[in-house]
Amino acid sequence: MSETATEPTTPEGGQSAEPGSPAESAGDAPLGPAGEKALAEWKQRARDAEKANRTNAARLQQIEDRDKSEAQKAAERATAAEQRAAAMAQRAAKAEVRALAASTFADPSDAAAFLDLGEFVDDEGDIDSKGIEKALADLLKRKPHLGKEQPAPPSFDGGARTTAGAPTDMNALIRSKAGLG
C-alpha cells in the first residue's frame with residue numbers, strides 16, 4: 001500500500017483516535033480564528049481564479065474570432081438569432097396556452113406541460129390559437145382531473161322544515177311546571 005493512500009484508521013475499540021477529529025465531526029466543529037482566516041483566503045483565491053478564467057475565456061474567444069472570416073462570423077450571428085427567435089416563439093406559445101387554459105384548468109401550467117408547444121407555432125412564428133383551444137379541450141377530455149372543480153349549484157332550500165308547536169299561554173306553562181297538566 002502506498003503512503004499517499006488515505007484510509008480511516010481506528011483503534012481496537014472501533015472509535016476514532018481523537019475526539020473532534022474530521023472523521024468524527026465531519027464539519028460540525030467550529031473553525032476557530034485560524035480556520036476562518038484560511039477559509040476566507042481560499043474563498044478569495046477561488047474568486048480570483050474564476051475572474052482569471054472568465055478573462056482568459058474572453059481572450060480566447062477574441063483570438064478565435066480574429067481567425068474567422070466575416071462569413072463565418074455572420075453565420076454564427078444568424079444561428080444565434082434563429083435560436084433566440086425559436087426560444088421566443090416557444091415562450092409565446094407557452095404564454096398563449098396558459099392564457100387560454102386559465103379559465104378551464106386548475107393549474108394552467110399543467111396544460112403547457114402536457115402539450116407539444118412546437119405544434120402550434122408555424123414557420124413564420126405565428127401561433128395557432130384555434131389549434132391550442134382544440135388541443136386543450138381534447139386534453140380535458142382525456143385528463144379531466146386537470147380541470148377546475150365545478151362548484152355545486154346554489155341551493156335555495158332554507159333548511160329543514162318543522163311545524164310550529166302549539167302556542168303556549170301562561171296558564172299552560174304554570175300548570176306544566178306545577179305538574180298539573
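Visitor: Which residues form the negative surface patch?

Guide: This is a predicted model, in which local features need pLDDT of at least 70, side-chain atom pairs count only at pLDDT 80 or more, and totals for chains, interfaces and linings use all residues. Residues are numbered from 1 along each chain as its sequence is written, and side-chain values use heavy atoms, with hydrogens and water left out. Patches are made of residues with over 30% relative accessible area and no salt bridge, like charges being joined within 9 Å and nonpolar side chains (Val, Leu, Ile, Met, Phe, Trp, Tyr) within 5 Å; Asp and Glu count as negative, Lys and Arg as positive, and His and the chain ends are not counted, with each charge placed at NZ of Lys, CZ of Arg, CG of Asp or CD of Glu. The negative patch is formed by Asp122, Asp123, Glu124, Asp126 and Asp128.

Visitor: Is Asp126 buried, partly exposed or exposed?

Guide: Asp126 lies in the loop between helix H4 (108-114) and helix H5 (129-142), where helices (H or I, at least four residues) and strands (E, at least two) are DSSP runs numbered from the N terminus. Buried means under 20% relative accessible area, exposed over 50%, and partly exposed in between, with a 1.4 Å probe and protein chains only. Because its relative accessibility is 48%, Asp126 counts as partly exposed.

Visitor: How many salt bridges does the count come to?

Guide: Side chains of opposite charge can pair when their charged atoms come close. The rule asks for a side-chain nitrogen of Lys or Arg within 4 Å of a carboxyl oxygen of Asp or Glu. By this rule, the number of salt bridges is 3.

Visitor: How far apart are the closest N and O atoms of Lys73 and Glu70?

Guide: Lys73 and Glu70 both lie in helix H3 (residues 70-101), 3 residues apart, about one turn of the helix. Lys73 is partly exposed because its relative accessible area is 22%, whereas Glu70, at 55%, counts as exposed. In the salt bridge between Lys73 and Glu70, the closest N and O atoms are separated by 3.7 Å.

Visitor: What is the N to O distance between the side chains of Asp138 and Arg142?

Guide: Asp138 and Arg142 are 4 residues apart in helix H5, so about one helical turn separates them. Asp138 is partly exposed at a relative accessible area of 38%, while Arg142 is exposed at 52%. Their side chains meet in a salt bridge with an N to O distance of 3.4 Å.

Visitor: Which residues does Leu136 touch, not counting those up to four places away in sequence?

Guide: Leu136 lies in helix H5 and is buried because its relative accessible area is 5%. Contact means heavy atoms within 4.5 Å. With residues up to four places away in sequence left out, Leu136 touches Val97, Leu100, Ala101, Phe105, Ala111 and Leu115.

Visitor: What percentage of the residues in the chain is buried?

Guide: The chain holds 6 helices and 0 strands, and its pattern along the sequence reads α-α-α-α-α-α. Of its 181 residues, the buried share is 11%.

Definitions and conventions:
Accessible areas come from the Shrake-Rupley method with a 1.4 Å probe; for residues, only the protein chains shown count as cover.
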